[in-house]
Amino acid sequence: MAGNGEGPAIGIDLGDAAKNQVSMNPINTVFDAKRLMGKKFKDDRVQSDMKHWPFKVLSGSADKPMTVVNYKAEEREFSAEEISSMVLIKMKEIAEAYLGKSIKNAVVTVPAYFSDSQRQATKDAGAIAGLNVLRIINEPTAAAIAYGLDKKASSTGEKNVLIFDLGGGTFDVSLLTIEDGIFEVKATAGDTHLGGEDFDNRMRTLSSTAQTTIEIDSLFEGIDFYSSITRARFEELNMDLFRKCMEPVEKCMRDAKMDKNSVHDVVLVGGSTRIPKVQQLLQDFFYGKELCKSINPDEAVVYGAAVQAAILTGEVFEGERARTKDNNLLGKFELSGILPAPRGVPQINVCFDIDANGILNVSAEDKVGGQTNKITITNDKGRLSKDEIEKMVQEAEKYKAEDEEHKKKVEAENALENYAYNMRNTINDDKVGSKLPADDKKKVEDAIDETVKWLDVNQLAEAEEFEDKQKELERVCNPIIAKMYQGSGGVTDMGGMSGGMDADGPATGGSGAGPKIEVD
């Protein structure tokens, strides 16, 4: 996500649009928001990440990390939930455009190793985006669903499947048993702080080539940076991280008490699994076993999430340390009235129930006395309150109209710029330019030059001003071009000029072959 510009910034770019301008606008471009979900500002990993991020992160209410972005002509602070909600809104709009109807409900995936607070923060992001989050699904389990459907026709009997999910910022490994459409999670391991971001995105092309170049525009004081790196050097730089990826695999196998030879398929999920060295280490771990690449690593999780819900696991004290004091306390309750007896004699039934969103319900019953008690781990501490979520929803709605105005302005600016440059290309084409009288050609060239200069000094003009300026340019160009075509007796290729030709000349308002800028 990026505030598109400094000073009077009046819009937000998402996805590729944000990524493409990061080198020119680093302090205003936010990434890795997933690593801030449900975290405290004082968290050691947040503090460590801040040393590498170009954007500013401050401590907000209840020690919530807030990213600082120049937005709507002012410096604004956004929580990770708000940033994530912008992505969800964008995906909602894409889905609505494809389906042709509005969408209210959603299934959202999270890393299997997300804590309760991170899952709650994810639900909050959905609420801010105006979505009813029906379920939260573990990403490797969702990928297993996609795998299960892909192999359904050819699969018979029980299969043990290891999902190796290495994405941009998080890493999950899950071992599942699949039989007759039933998915049972045997073990899960991972690292919510390991992924492609740590391998450096600029070197991802080494997944398919032996050498690549690194180019960074205006790295320092307007100076561009250019270098090259070989795959061998890339692997050497990241070998400690690659080997770190194998540790959760080993842990997953130990926890499931399963032998490597018992794993039928190892499924690759996440863009970072395209890195050859990662594949080689994983294949070597499983004694040279061929890795399953039949499903799209970028789409497997979302495909599985769209199909059905997943099996979720959790604890009251979450964590894996041997002593409770070293783990994260989610909540506590007291079971009183137990009959006196030597230590270890009373028998207590404790039931852990996970709902479809990964929210934990714990109940306990004394088998002799019949006393019962229960607790629901909602993790309100540190969460956004209903009032805070409602405020963010209202702000998102408030800025929606302004964003639409900004989009209209940019489209009008693009239309004018495309028309001017396409017209310049047209008259410079030998097929067209040679047929224009010298006076007419100069008249068009002067009008185009004046328009381009006007564009350079009127970046903040309103949509109507860009539209008026295009009409002004059209009044000069259209009659001249139309007269030329009428004199030549037909219509020929105009070198990619926007629109088509009718009896009065070139059609207007098209985007042409110029650059397309999308703003959300």
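This is a predicted model: local features need pLDDT of at least 70, side-chain atom pairs count only at pLDDT 80 or more; totals for chains, interfaces and linings use all residues.
Salt bridges were searched for over the whole structure, and 17 were found. Side chains of opposite charge can pair when their charged atoms come close. One of these bridges joins the side chains of Glu 139 and Lys 34, with an N to O distance of 3.0 Å. Glu 139 belongs to helix α5, residues 139-150. Lys 34 sits in the loop between α1 (16-19) and α2 (44-50). The two positions are 105 residues apart in sequence, so the pair ties together separate parts of the chain. Lys 34, at 35%, is partly exposed.

A second bridge connects Asp 191 with Arg 45 through their side chains, at 3.2 Å from N to O. Asp 191 is buried, with a relative accessible area of 10%. Arg 45 reaches 35% relative accessibility and counts as partly exposed.

Elsewhere, salt bridges link Asp 32, Arg 35 and Asp 49 in a network.

Helix α3 spans residues 80-99 and also holds Ser 84. The relative accessible area of Ser 84 is 18%, which means that this residue is buried. Beyond its neighbours within four places in sequence, Ser 84 is in contact with Met 37 and Ala 125.

Ala 125 is also one of the buried residues of helix α4. This helix runs over residues 116-128 and has 13 residues. From first C-alpha to last, α4 reaches 19 Å, close to the 18 Å expected at 1.5 Å a residue. Ten of the 13 residues are buried, so α4 is largely enclosed by the rest of the structure. The buried set includes the charged residues Asp 116, Arg 119 and Asp 124. Gln 118, Gln 120 and Thr 122 are also among them. Ala 121, Gly 126 and Ile 128 are buried too. After α4 comes Gly 130, which has a positive phi near 80°.

Helix packing was examined for α7 and α8. Helix α7 covers residues 231-244, and helix α8 covers residues 246-256. The two pack at an angle of about 15°, and their axes are 4 Å apart. Angles under 35 degrees count as roughly parallel, so α7 is roughly parallel to α8. On the α7 side, the contact is made by Phe 242, Arg 243 and Lys 244. On the α8 side, Met 246, Glu 247 and Pro 248 take part. The contact residues divide into three nonpolar and three charged, with no polar ones.

Key. Residues are numbered from 1 along each chain as its sequence is written. Side-chain values use heavy atoms; hydrogens and water are left out. Axes are lines fitted to C-alpha atoms, for helices over the stretch in contact, and angles run from 0 to 180 degrees between N-to-C directions. Angles under 35 degrees count as roughly parallel, over 145 as roughly antiparallel, 65 to 115 as roughly perpendicular and the rest as oblique. Contact means heavy atoms within 4.5 Å. Buried means under 20% relative accessible area, exposed over 50%, partly exposed in between (1.4 Å probe, protein chains only). A salt bridge is a side-chain nitrogen of Lys or Arg within 4 Å of a carboxyl oxygen of Asp or Glu. The expected span of a helix is 1.5 Å times one less than its number of residues.
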